[in-house]
Amino acid sequence: MLAYVARRLLVAIPTILLLVIASFFLMHTAPGGPFTSERPLPPAVLANIEAQYGLDQPLWKQLWDYLYNVVVHLDFGPSFVQKDRSVNDIIANGFPISLTYGSLSFLAASVVGIALGIAAAIRHNTWLDYVAVSLGIAAQALPNFIMGPILILTFTLWLGILPGGGWNGGQWEYLIMPVIALSTSYMGNIARITRSSMLEILNSNFIRTARAKGLPTRAIIWRHAMKPTLLPVVSYLGPVFVYVLTGSVFVDLYFSTGGLGQSYVSSALTRDYAVLLGVTILYGALTVVVNLLTDLAYAWFDPKIRY
Amino acid sequence: MKPIAKLAIAALLSGTALSGVQAATHPVTGQELAADQTFTYRLLDDVSSFDPQIVEDVDGANVVRDLFEGLMNQDEEGNLVPGVATGYELSDDKMTYTFTLRDTAVWSNGDPVVAGDFVYAWRRAADPATASPYQWFIDLMSLENASAVIAGDMTPDQLGVSAPDDHTLVVKLTTPLPYFPQMTTHSTTFPAPQKVIEEFGSEWTKPENLVSNGAYTLTEYMPGERIVRERNATYWDNENTILDKTVGLIINDENIALTRYLAGELDLTDVPAGQYPRLKEEHPDEAISFPRLCNYYYTFNLSDSGPEAFKNPMVREALSLAVDRKVIVENVMAGGQPEAYSFTPEAVAGFTPPSSAMVDMTQAERDAKAKELLAEAGYGADNPLSFEMVYNTSEAHEKIAVVLSQMWKQKLGVQATLANMEWKVFLEERGNQNFDMARGAWCGDYNEASTFLDLITTPSGYNDGKFSNAEYDQLIADAKTAEDTTPLYTRAEEIIAAETPVIPIYHYAGVYMMDSDVGNWPVDNVEQNWYSKNLYKLAE
């Protein structure tokens with residue numbers, strides 16, 4: 001098990017390195033640079049600025065210096081556009097926000113989704129099943145960029161009970177709409193996967209045996225059906241966790257949360273190379289780690305899996 | 001405690017209490033003021049910096065103008081009024097300005113604001129080590145040795161600015177510059193607290209470290225979300241400041257900002273293109289529109305890489321004549337924007353657009369003449385004119401481009417294909433003359449026609465169409481030192497009208513939704529340089 005973890009982490013290093021190198025060159029291939037502006041800077045001024053940020057160096061040297069600073073000092077450099085701020089500072093500010101409502105969305109999506117799915121499977125072909133399935137499909141059909149406007153129009157403009165955006169120190173009323181917008185479509189998917197998985201398990205031989213020996217339904221479901229039911233759900237939850245953190249771009253922009261997604265998009269548009277790379281590395285590393293945790297969780301859910 | 005001290009404290013307390021009572025009505029207008037003097041507005045994007053010498057965006061400059069105060073300020077009409085300086089004297093050769101600084105100006109940490117703070121700031125702005133994106137502004141101010149300092153050939157202490165004593169600032173220019181005092185309202189020229197910058201380095205603009213000399217101090221900054229500035233009790237004119245707090249909310253999407261405005265979360269936001277008529281009807285007191293110091297145009301590529309057809313002035317004039325500007329301002333923008341027949345907006349101080357044949361014609365006459373000119377130039381059904389027009393991706397730019405291409409197609413049989421590009425790509429392509437015709441727009445850096453007319457001189461870095469006319473260049477150069485610039489600018493606009501290097505489409509309007517309880521918004525300041533200290537909130 002430990003050897004497995006060590007092996008996976010070792011593979012992660014070249015993976016992230018490749019990601020950085022590819023992003024770095026892609027970024028520099030895009031026309032324009034951080035200091036391309038409507039009024040082109042006089043050559044002397046541009047030279048001063050490029051020297052300040054090391055952009056006058058050859059590309060390989062820039063990449064090497066960048067990697068060196070990241071690995072040795074954990075320093076992602078200064079932002080080229082928000083001149084008072086470093087990338088570390090931008091991540092330290094934005095990531096906790098994205099993480100807060102990302103985690104809440106993840107929690108809401110999994111708890112409600114799994115509960116809906118199980119309820120639907122146990123009461124298969126009853127009104128509860130139909131309600132749960134309809135809810136799941138409706139939720140899945142409402143991606144966050146549709147949910148956002150609907151929520152704001154309803155709760156901010158019409159009812160006037162929730163603020164239309166912002167963060168304001170993370171007060172709960174500012175969290176509700178972003179969390180709903182971000183979680184609904186995943187919630188629908190989770191409900192659907194849980195339901196079909198549970199239905200399949202409930203029809204399998206070992207459950208029939210359990211029933212035959214007279215176990216009460218509650219015990220069958222909780223003790224025997226739950227773990228195998230959740231196996232496909234868990235394999236879906238891993239990527240979902242990464243999605244709610246990285247895919248929060250729309251929610252960040254729409255609800256002006258100040259989260260990292262906002263910086264990610266604007267850094268691409270303004271060619272803020274350092275921020276773009278920094279956030280890419282963060283998201284990349286996060287994906288690798290969460291995938292590893294998902295794989296480890298399999299072993300717990302399915303005794304047949306051993307690393 | 002001695003009785004006299006008690007008395008003094010009592011007087012102080014009653015003074016505070018009194019001013020609290022007085023705050024209920026406006027000292028000049030007598031209007032009833034709101035108890036909560038907080039103004040909340042929308043910013044399009046996060047600011048580039050709070051550092052006066054570094055900041056380069058409009059939203060950032062608006063914040064910095066509250067936090068720091070320069071030599072001169074602007075009033076509601078954009079006129080110069082004293083700031084830290086009480087006034088200035090100009091030498092006979094018009095190349096030396098001597099500013100007198102008030103002795104009541106202090107930094108928010110209690111230190112006096114001295115002439116040396118300006119010297120430090122201006123040297124800092126020019127210093128290559130600071131790498132300020134607004135270094136060029138110091139050059140534009142024509143300060144002695146500015147170019148050499150920026151290029152690194154001289155040290156910053158050789159810049160033409162000095163402080164003979166704490167309250168005198170002497171500025172030496174290389175050439176007379178009539179609008180120099182106007183330039184001291186720009187954030188690049190604001191003073192900087194040397195002690196604080198040296199103590200905290202790049203961290204000095206964090207709210208907990210920032211020391212400023214303006215009417216407000218930075219109290220909260222949540223990047224990408226909000227910027228809060230509150231009354232600075234040490235500001236020299238604090239007793240005449242009414243607004244206690246200004247909150248800037250960063251909301252990228254203008255439609256969301258409008259929704260949040262309508263939900264009562266904002267006092268001021270921009271109106272998205274085309275929505276003004278509806279909002280004006282639904283909220284007549286809140287939807288406002290006024291002229292601004294910006295133009296919108298299409299430029300021809302006149303360089304070698306441009307299409308051969310555009311080398312012919314008749315073709316350029318024909319295309320300009322066929323543009324029905326009325327349709328664009330009334331049906332596309334619909335926000336009270338003026339139609340443009342000159343490159344310089346009419347709103348510019350002291351500028352009157354020259355009358356031209358085109359202005360006096362009806363659109364039908366223009367269309368007829370456009371057909372004639374194009375036929376004369378050899379383009380028609382058997383030899384149709386076709387070209388590509390590029391613009392940066394945006395809903396409003398797209399609408400205008402579509403309308404323009406349709407006008408040309410229907411009236412002249414011209415085939416204009418549209419190409420939109422992401423902003424940085426667009427700048428790169430336009431800057432390298434990889435286009436036939438490209439969108440352009442400019443907002444004046446200061447309220448004088450040269451801020452626009454400079455753009456299309458031969459050496460201008462912004463002249464992406466590569467228009468070059470010796471007479472035009474000479475006129476603009478002469479205007480720098482001329483007593484009366486009017487005839488020069490009039491002639492320059494006449495050359496633009498005759499040569500048509502650009503097609504002016506419309507001039508900007510500030511189109512806002514503003515809560516009717518916001519007092520004294522400077523609608524007459526075409527540069528929209530606003531100061532929170534001049535605003536107030538009326539009781540509902």
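Tutor: Go ahead, and let's start with pairing: two strands pair if DSSP finds at least two bridges between them. The helices (H or I, at least four residues) and strands (E, at least two) are DSSP runs too, numbered from the N terminus. Bear in mind that this is a predicted model, where local features need pLDDT of at least 70 and side-chain atom pairs count only at pLDDT 80 or more, while totals for chains, interfaces and linings use all residues. Residues are numbered from 1 along each chain as its sequence is written, with chains lettered from A and ligands numbered from 1 in the order in which they are written.

Student: How do you know that β12(B) and β16 of chain B pair?

Tutor: DSSP gives 10 bridges between β12 (residues 287-300) and β16 (residues 502-514), in the antiparallel sense. That meets the cut-off, so the two strands count as paired. One of the bridges sets F290(B) against G510(B) in β16(B). β12(B) also pairs with β15 (residues 437-443), again antiparallel, over seven bridges, and there Y298(B) stands opposite R439(B).

Student: Why is β12(B) described as largely enclosed by the rest of the structure?

Tutor: That one is about burial. A residue is buried if 20 or more other C-beta atoms (placed from the backbone) lie within 10 Å of its own, exposed if 12 or fewer, and partly exposed in between. In β12(B), 11 of the 14 residues are buried, so the strand is largely enclosed. For chain B as a whole, 48% of the 540 residues count as buried.

Student: What makes V332(B) partly exposed?

Tutor: Its count is 19 other C-beta atoms within 10 Å. V332(B) sits in helix α11 (residues 325-333) of chain B. Leaving out residues up to four places away in sequence, V332(B) touches G274(B), K399(B), I400(B) and V403(B); being in contact means that the C-beta atoms, placed from the backbone, lie within 7 Å.

Student: What makes a set of residues a nonpolar core?

Tutor: The members are buried Ala, Val, Leu, Ile, Met, Phe, Trp, Tyr and Cys residues, joined through C-beta atoms within 7 Å. In soluble globular proteins, nonpolar side chains tend to be buried together. The largest core here has 137 residues, and A318(B), A322(B) and I505(B) have the most contacts inside it. Helix α7 (residues 172-202) of chain A gives the most to this core, 12 residues. A second, separate core of 61 residues includes L143(B), V149(B), L169(B) and Y235(B).

Student: How do you know that the buried residues of α2(A) are on the same side?

Tutor: The buried ones are V45(A), L46(A), N48(A) and I49(A). They cover an arc of only 160 degrees, taken from the directions from the helix axis to the C-beta atoms, which puts them on the same side of α2(A). These residues pack against α4 (135-140) and α5 (146-151) of chain B.

Student: How many residues of chain A are in contact with chain B?

Tutor: There are 39 from chain A, in contact with 38 of chain B. α2(A) supplies the largest share of the chain A side, five residues.

Student: And how do you know that the radius of gyration of chain B agrees with a compact globule?

Tutor: The radius is taken over C-alpha atoms, and the globule rule is 2.2 Å times the number of residues to the power 0.38. For 540 residues the rule gives a value near 24 Å, and chain B has 26 Å, which agrees.

Technical notes: Contact = placed C-beta atoms within 7 Å.
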